[in-house]
Amino acid sequence: QLKETLKVLDQKHFLHPTSSIEQQQADGPAAIFTEGEGIYLKDMEGNVYIDGMSSLWNVNVGHGREEIAEAAKEQMGKLAFSSCFATFSNEPAIRLASKIASMAPGNLNTVFFTSGGSESNDTAIKLARHYWVLKGQPQRQTIISRTQSYHGVAMGATNATGLKAFRDFTNSHAPGFHYVYNQSARNLRDTIEQLGPETVAAFMSEPVQGAGGVNIAQENYFKEVREICDEYGILFIADEVITGFGRTGKLFGMQHYDVVPDMITFAKGVSSGYAQLGGVIISENIHLDLCELSKGTLMHGYTYSGHAVACAVGLKNIEIIERENLVENAAKMGEAMLEGFRVLQDKYSFIGRVRTLGLLGAIELVKSRETGELFDTLLSPIFVQETMKRGLILRTVTYEQDTIVFAPPLILSQAELNEMLRILDETFEFVRKNIVE
Ligand code: PLP
């Protein structure tokens, strides 16, 4: 049987990203997906699932979009790839850079392309440090980020990631990286003072932390962060890899806080996963400084920076987001999802805090709402296995918490949300009866 054959080959030859090797060796793949349509995924056995995470927070326009496939095919047939190094360029890259510049807030106006989020954050870190080298302050090297942050797995991105397990994995604790607690901007100020402001290159943060548990910042946090960065002349990098292009109900997450960073990193939602694409949007000021002060070569660039097919896919994806008003839909359906969560919260005493910003959401599971104490055996891993059996794919966050996270495609309809909520209700009931009681 094909599934068995593939399972054995998978176990032997395919080292999965972010996986438990032990579990893969024991069980093989839980699902081998073959098709997608809208918010649904189908596996090779014909099981259909709601993709409650937009796969990896990225398939925002939903699966099976023929017109994106057409755009990719057309571009690939014409010119799949040509260099963007030095003075070479191509039309999709130029058009996508201008399009993104027109969408970005404030004076964020120039785009550097990559193939994903990790490369984007490494690029932002390197551009920030290079900027200070050019400005005659090469000692400004330190990157400050937040303890619950996730910025990716390239070397710079790994070191900027606050979730310590990612750094511990290779004992990567590079100098020049510091972490501040999530809660208060005061902690950022104190850290800058301690380190010496003249040594700090940039502060990096997600508008809403994704992998850290969908943590939404307090209302004034980023305003204060912006003020502190301005006061000490530190660059502010927003990692909008998850939040960019509409996920939170605004085009960019920082727009909820009325704050314009100096750089925005993006990936995922720019192409909805139809091609590997990411990048950094930099402010006009930084760009002008780079142009004025640079003498030699920008010693940074990926072969695939400005990939013609990826950029053509990005353009079509953004066209869909605009044409179908998906940013507005994310805002509206995010409210409806929160209402649904609150109904469940009223019904099940082991649901702790719930939250959404657009179609990015979390439900915390707790033994006690009063103390926030967690169950001895965490519930969320069992919970998401049970929702999967019922046709809903979700994800957990279990670093010092027991949280289920949600990021359904931005095309989500009320009927589809109701279906998700029905499966959640049924699963909560199952967990209450079989595990909690
Ligand atoms: N930044 C954030 C906020 C992310 O959530 C991710 C991936 O989940 C990344 C960066 C890394 O992106 P990639 O996996 O495309 O390298």
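**Domain arrangement, core and local features of a predicted model**

Ala86 is placed in the loop between helix H4 (66-79) and helix H5 (91-103). In this predicted model, the phi angle of Ala86 is near 55 degrees, a positive value in a residue other than glycine. Most residues other than glycine have a negative phi. Ala86 counts as exposed because 9 C-beta neighbours lie inside 10 Å, and the limit for an exposed residue is 12 or fewer.

A positive phi is also found at Val214, where the value is near 50 degrees in a residue other than glycine. Val214 lies in the loop between strand E8 (208-209) and strand E9 (215-216). Val214 is buried, since 24 other C-beta atoms are within 10 Å and burial requires 20 or more. Thus Ala86 is a loop residue that is exposed, whereas Val214 is a loop residue that is buried.

Confidence in the prediction was examined for the chain and for the complex. The protein chain has a mean pLDDT of 97, and 100% of its residues reach 70 or more. For the complex, the predictor gives an ipTM of 0.99 and a pTM of 0.98.

The domain assignment of the protein chain gives domain 1, which comprises 31-61 + 325-436, and domain 2, which comprises 67-323. Taken over C-alpha atoms, the centres of domain 1 and domain 2 are separated by 28 Å. The contact takes 25 residues from domain 1 and 25 residues from domain 2. On the side of domain 1 that touches domain 2, two or more residues are given by each of helix H3 (54-57), helix H13 (326-347), strand E14 (361-365) and strand E17 (403-406). Of these elements, H13 gives the most to that side, with 5 residues. By class, the residues on the side of domain 1 that touches domain 2 divide into 16 nonpolar, 8 polar and 1 charged.

The interior was then considered. In soluble globular proteins, nonpolar side chains tend to be buried together. The largest nonpolar core in the model has 118 residues, and those with the most contacts inside this core are Phe203, Leu235, Ile237 and Ile281. Helix H12 (residues 308-323) gives the most to this core, contributing 9 residues. At least three residues of the core are drawn from each of domain 1 (31-61 + 325-436) and domain 2 (67-323). For Leu235, one of the core residues with the most contacts, the contacts beyond four places in sequence are with Ala128, Tyr131, Ala201, Ala202, Cys229, Asp262 and Met263.

Leu357 is located in the loop between strand E13 (351-356) and E14. Leu357 is buried because 23 other C-beta atoms lie within 10 Å, against a requirement of 20 or more. Residues up to four places away in sequence being left out, Leu357 touches Val208, Ile216, Thr248, Gly249, His256 and Gly334. Leu357 and Glu429 are 72 residues apart in sequence, and their C-alpha atoms are 26 Å apart in space.

Gly269 occupies the loop between strand E11 (263-266) and strand E12 (278-283). With 29 other C-beta atoms within 10 Å, Gly269 is buried. Beyond four places in sequence, Gly269 is in contact with Asn58, Asn60, Gly244, Phe245, Gly246 and Arg247. One of these contacts, Gly244, is 25 residues from Gly269 in sequence and 6.3 Å from Gly269 in space, C-alpha to C-alpha.

A helical position was examined as well. Gln194 lies in helix H9 (residues 185-195). Gln194 counts as exposed because 9 C-beta neighbours are inside 10 Å, within the limit of 12 or fewer. Between Gln194 and Pro408 there is a separation of 214 residues in sequence and of 41 Å in space, C-alpha to C-alpha.

Technical notes:
Residues are numbered from 1 along each chain as its sequence is written. This is a predicted model: local features need pLDDT of at least 70, side-chain atom pairs count only at pLDDT 80 or more; totals for chains, interfaces and linings use all residues. Domain bounds come from an automatic or database domain assignment. Two residues are in contact if their C-beta atoms, placed from the backbone, lie within 7 Å. Helices (H or I, at least four residues) and strands (E, at least two) are DSSP runs, numbered from the N terminus. Ala, Val, Leu, Ile, Met, Phe, Trp, Tyr, Cys and Pro count as nonpolar, Asp, Glu, Lys and Arg as charged, and the others, Gly among them, as polar. A nonpolar core is a set of buried Ala, Val, Leu, Ile, Met, Phe, Trp, Tyr and Cys residues joined through C-beta atoms within 7 Å. pLDDT is the predictor's confidence in each residue, from 0 to 100.
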